[in-house]
Amino acid sequence: MVRLMGDWGLGEGALHTQLASHLRMLVVSGKLAAGVRLPSERSLAEALDVSRNTVGAAFDELRGDGILTSRRGDGTYVSSARQFLGVRGDDRFESFLATTAGIGSRIDLRSAALPGLRLVVDAASVVGPELAPLVESHGYLPEGLPALRDEVARYYTAVGLPTTPDQILITSGAQQAMRMAAVSMLEPGSVALVEEPSFRGAIEVLRAAGARLEPIRRGPHGIETAELVAAVRRTKPRLLVMQSTVHNPTGSVINPGRRRQLAITAASLGLTVLDDTTLADAMIDGPPATPMAAWGSTVITVGSVSKSFWGGLRVGWLRADPATVASLAPIKAGEDLGTSLLAQVTTARLLPRIGEARAERRTVLGAARDLLLTALQELLPDCEPVVPAGGASLWVRLPAPCATSLVQRAERLGVQLLPGPTFSCIDAFDDYLRIGFAADQDQLVAGVHALAQAWRIVGERT
Ligand SMILES: Cc1ncc(COP(=O)(O)O)c(C=O)c1O
């Protein structure tokens, strides 16, 4: 419910009026369908960090308009709405939608998406000659531009995962690669094992595919192999979705020994693993990691240039055996007939410069991480950050399970963050926050000040 509410309380007017109009919009848009039972006034007030009177007044207004109905002793229901038909995710990407991204003077520490590198502009401005022969063809290449498939194969071979071009399918970002793998392998109701915590986009695509998500705990060194064996026996999954290199949201990297063990265990269980390595080139500590597909034949690897060069290119890929790639190509054709050749030509020029991109990311991310850790130690000494080895976000443990309401309060004090449950398929981790550190340094420090102010109010109550 809080996810659906997004940044509802940032407009003009009394909070109860804003709350009522946001709820009305959710009903009209079908996000809250007819017959849905709303949380109690008390629990919604607590989650949104407002008074019970505020929620009561908003509900009264909507009851007056016939949008909500109350049944005595049985709570409040949505009484009228256009029903949404079909399967949808569960709104974990609200922070990227145009209406909510970067509103006003608010500091947005929700995203860990990085600005692009100057290298992208340089590459894009000289691709004309490579495009010229391509524009003479129809330009629909669902499997991807051959030159880029070659470069991606070389990229993997260089990090210890020998790869041929026919093992690569180019996609519009890693997100599409995961979606295609999910829809091809899962039917509504089939089980997907998901690391807990996990990337919100993975949860979103699996939910949209109608899968039943089973959480599997991720410790500081990744999933324990014994737990994997037990979970597979218990839940009989079609797929395990995990991140073997840099993990979002925790920034931890599974060591090579564990990566190898997990790959071998999965192969022995006949379990397909979708290994999302999107953040692999955003390492802060340590050398580039070898993806776990190097040790197991049942691993499908997903990658992207979003974290190395730029998310706006919308270029990613899926690496699997040639037969799987060939079977996914028609699905890719059905999705969008192929990723933009303009973006692919540019990416093919960029990938040979991956070393430069990694070095630049390492420097910038390392400095931002250290700045954030220092600010947290000074302003929120009771919080326990998990020091990330890569990526652009920090996973922080709070002294009490109040992340959802803390984020609501922080938002009204000028900083936007994501609470732990956004990264859980069972809405756990209300004692964790994720703080993105891709923002500029002044914003980052100002954001931690606002968070500390919110904590003084919310923490006192808990
Ligand atoms: C772990 C992870 N996987 C996938 C994605 C999506 O990547 P892309 O921009 O390539 O679609 C992201 C983006 O933040 C991510 O953090």
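User: How far apart do the C-alpha centres of domain 1 and domain 3 lie?
Analyst: This is a predicted model, in which local features need pLDDT of at least 70, side-chain atom pairs count only at pLDDT 80 or more, and totals for chains, interfaces and linings use all residues. Residues are numbered from 1 along each chain as its sequence is written. The protein chain is divided into domain 1 (2-78), domain 2 (94-116 + 356-461) and domain 3 (125-273 + 288-301 + 309-353), with bounds that come from an automatic or database domain assignment. Between domain 1 and domain 3, the C-alpha centres are separated by 39 Å.

User: Which helix gives the largest share of the shell around the ligand?
Analyst: The ligand is surrounded by 15 residues, and the closest are Gly 173, Ala 174, Gln 175, Ser 304 and Ser 306; a residue counts as near if its C-beta atom, placed from the backbone, lies within 6 Å of the molecule. Helices are DSSP runs of H or I with at least four residues, strands are runs of E with at least two, and both are numbered from the N terminus. The largest share of this shell, 3 residues, comes from residues 173-185, that is, helix H8.

User: How many residues of the shell around the ligand are nonpolar, polar and charged?
Analyst: In this classification Ala, Val, Leu, Ile, Met, Phe, Trp, Tyr, Cys and Pro count as nonpolar, Asp, Glu, Lys and Arg as charged, and the others, Gly among them, as polar. Sorted in this way, the shell around the ligand holds 4 nonpolar, 10 polar and 1 charged residues.

User: Is helix H15 oblique or roughly parallel to helix H16?
Analyst: Helix H15 (residues 403-412) packs against helix H16 (residues 441-461) at about 125°, with the axes 9 Å apart; axes are lines fitted to C-alpha atoms, for helices over the stretch in contact, and angles run from 0 to 180 degrees between N-to-C directions. Angles under 35 degrees count as roughly parallel, over 145 as roughly antiparallel, 65 to 115 as roughly perpendicular and the rest as oblique. The angle therefore makes the relation of H15 to H16 oblique.

User: Where is Pro 197, which a cis peptide bond joins to Glu 196?
Analyst: Most peptide bonds are trans. The bond joining Glu 196 and Pro 197 is cis, with omega of about 5°. Pro 197 has its place in the loop between strand S5 (191-196) and helix H9 (200-208).

User: Which residue has a positive phi although it is not a glycine?
Analyst: Most residues other than glycine have a negative phi. In the loop between helix H10 (225-235) and S7, a positive phi of about 50° belongs to Lys 236.
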